[in-house]
Each structure stands twice: as structure tokens, then as C-alpha cells.
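Please look over the sequence and the fold first.

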Amino acid sequence: MSKYVSAAEAVKIIKSGDRIYVQAAAATPTVLTKALTERASELRNVEVCHLHTEGEAPYANPELSESFHVNSFFIGKNVRHTLAAGNGSYTPVFLSELPLLFRKKVLSLDVVFIHVSPPDSHGYCSLGVSVEATLAAIENAKTVIAQVNPKMPRTFGDGILHVSEIDYLVEVDLPIYGHGMETISPVEDKIGSFVASLIEDESTLQMGIGSIPNAALTKLTNHKNIGLHTEMFSDGVIDLIEKDVINCNYKGVNRGRALATFLIGSQRLYDFVNDNPFVEMRESSYVNDTAVIRRNPKMVAINSAIEVDVTGQVCADSIGAKMYSGVGGQMDFIRGASLSDGGKAIIALPSITKSGESRIVPFLKQGAGVVTTRSHVQYIITENGIADLYGKTLKQRALEMVKIAHPNHQEWIDRTYYEMINGK
């Protein structure tokens, strides 16, 4: 019997009470999730779990709460509403440890939805632009259903699996989800300049998506022998790779290869990584392992935050008690970079929100989650400068942080913090 079936046929295997893992980010297999949602009237209490996904998530409609419950390991915009609506939950977990939840059967899986390139002449498919915890999910799920797409780039590393490991294959021909390069604002450009000033030749970089990392990358054109060991990268690195600025020749692990666990960008990025042995896609349990990260000399981790208090506590996953995103890999890389020989751990953010509220605060909002503790922080950067907190007392940290806050808020931050600690 052929493994090739329609999406509707493939999802018939799913029964009430099942737990499904969905491959993340640009590889989100939305043909399968749509077909699943169309069975809502036949199903009850199906748990759909995943990291950030792209595209529509129709199963997250609160009207289908009796059929589906969303369990996010990193909350994307398309399912954020489920937490308030009651048909969604958030499970905090380091990205480095997510595969262990499946391998240790802490979360047993019935079905996994994946998105792969067509089998090659030897029968091997590629998970393409997103490996993260998908390999562990495949190994531990009872049933593997694959969306097979000729537009999925073939990448090297952990994400190669034989067609014999897949139970059902659903053929599609659709563009991979992507993001174009955003315009860099003057504030982001200043922050990027400060970040770049801390990056030495022969450093290895970790950075996320967005204008601040891209702004920093534009300042590195005269650098030499930069490496890449990051949970994800986007289009911003391509020019530097092509100019031999990023060549990965001085990395401590996977030397000569750019390492990532997922990718998201434009079609240019997907064309660049397709069949390109310079790019190695590995599982997050390896890419985000602090013990692996620290082996890169001059490891530089560049991450962001929602708000940071004057002692260095970093809230990056919630706005007060309202969950917004997730823990992700921030702590994995902050700690790995801190322990690296010559490494630097950086949190970079604008000093104010779009509405003018300070993101440097005397104390975090009530209910805010601390993703990176004050004892892990090294550098905090805004458009107003660099606060070096490493080895500083709480009082010294407060002085440093007030300097990089927006001028309109500096007096308030200073006064409020000292009134608070002195019990006034």
C-alpha cells in the first residue's frame, strides 16, 4: 500500500485524547493542521503542542476548545489568544531541553506533523529549515505524518530521515513561510553599533531575528573570521558569508560550518541554504547545549528582552503576568557565552516602548517572569549606551542602568529604586 495519501486521509489516524507535536517556524505543516481542524466535530481533547509556528492555526479557535487544546513551548502570535481564552497553555522549557521532554516520556507523543523535502534517489528526506525538537518527536511518536514539498530546502546535519521512518506522506507544492528584512530604525542602528563594538575578530555569534541583530551585522563588514553558532539565523548573515567575514574557521565546535537549529527569512535565504554543506542544521539539544556553546572561544550571545530592572533581572517572556513568548534559548546562550573563553553575553533592547514607556525599570512588573537572572547578566545595551554589569554590586548596577535608560525616565528610575530599597 502506498504511503502517499491526501491530508484528509492521513489525519484519520488521529483519535480523541491524542497528543500531536507540530514542526515549528518556517516549516510549519499547515496543510496538515488545516486537515486536522476539519475533523473537529469528530474529536475531543486533542492536544496540539509546538514551539512558535507560522501561518494560520485554525485549531486554536476558542470555539473548538472541546476538540483541541494548544500547548505552546514558545508562544507565537497565531496562538497567543488561547491563553486568555482558556483553550491554550504555556509550558516553560529551555529549547535545549525540549527534546528531552519527548525522549524521557515526560510528554508522550501519539502523532507528529512534519514538513520535508521529497525523498532523494536513496529514499532520504530533509527536515529543511527547522530541526529544533522535531527529531526527538519523530523518534518517540507512534505515527509520523509528513507534508512533502519540493520547495523545502535540503539541509545537512541531523534533519535527514529515511522515508521508511514516515508513516504517511502528503504531497504539497507551496512556498515556505518567510520574513523579509525589516527597515532598521535610527534607534536600532545605534543599538547595533554598540553591539558591534563588543564583537572582536574571530568571535562566534548567536543572534535572533529582527532589526537589532541585522543592524549589528551591517557593522561587521570589516571584521575577520567570524563564526556562527546560533539557534537561528536569517538573511542578515548571507552577505557576510559571501564576503568571507563569516567563515567559521575559528570556532571551537563544528569548525568551518555555520550551525543552527532552525531558519527563517526570505526566499534568498532558502535558496542559499539549499544543498549547502556550509550550513549545518542540528537538534536544539546540541546547538543550545551550554557545554557545547562554551567550547567556542569569544562566543557572543545577542538576545533581547521585554524589560530589564536596574539590578539586571531580564524579563523576556511576559508583560507582567501576561505570557507573550517563551523562555526559548536565551538562557542556554547567555550561560554558554558567559563561560566561553573571552565570551560576551549581551541583552539589547530599545530604552522605551512604542508608547514611550521605559523598558529599563526600577523593578519588574508584578507577575513578570525572570528569564535571565541578575547573576547571569553581563552587558545590557540600549541606544543610549552599554551597561557592563559583570562583577558589579547592586548599587553599581543601578547607576549603570540609569545611564542607558531614556533621559525622560532616568530621574524616575533612580528615585523609585532608592525609595524602594530604603523602605520609603
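The sections below cover the basis of the model, its cores, a sheet with its helices, and its aromatic contacts.

## Basis of the model

The model is predicted: local features need pLDDT of at least 70, side-chain atom pairs count only at pLDDT 80 or more, and totals for chains, interfaces and linings use all residues. Residues are numbered from 1 along each chain as its sequence is written, and side-chain values use heavy atoms, leaving out hydrogens and water.

## Nonpolar cores

A nonpolar core is a set of buried Ala, Val, Leu, Ile, Met, Phe, Trp, Tyr and Cys residues joined through side-chain atoms within 4.5 Å. Buried means under 20% relative accessible area, exposed over 50%, and partly exposed in between, with a 1.4 Å probe and protein chains only. The largest such core has 77 residues, and Y21, F73, F102 and I114 have the most contacts inside it. A second, separate core has 57 residues, including I20, I75, L259 and A387.

Contact means heavy atoms within 4.5 Å. Leaving aside residues up to four places away in sequence, I114 touches several residues, among them Q23, P29, L127, I138, V144 and L161.

## The sheet and its helices

Helices (H or I, at least four residues) and strands (E, at least two) are DSSP runs numbered from the N terminus. Two strands pair if DSSP finds at least two bridges between them. Six strands form an open sheet of mixed pairing, in the order β12-β11-β17-β22-β24-β25. Its edge strands, β12 (227-228) and β25 (385-388), each pair on one side only. Strands β22 and β24 (residues 379-382) run parallel and are joined by three bridges; I347 stands opposite I380 in β24.

Helix α7 (residues 211-218) has seven of its eight residues buried. Its cover includes α6 (186-197), β11 (204-207), α8 (238-242) and β22 (344-348).

## Aromatic contacts

Rings of Phe, Tyr and Trp (its six-membered ring) pair if their centres lie within 6.5 Å; planes under 30 degrees apart count as stacked, over 60 as edge-to-face and the rest as tilted. The whole structure holds four aromatic pairs. One of them joins Y417 and Y418 edge-to-face, at 5.2 Å centre to centre with 75 degrees between the planes. Both Y417 and Y418 are buried. Ring pairs also link Y21, F73 and F102 into a cluster.
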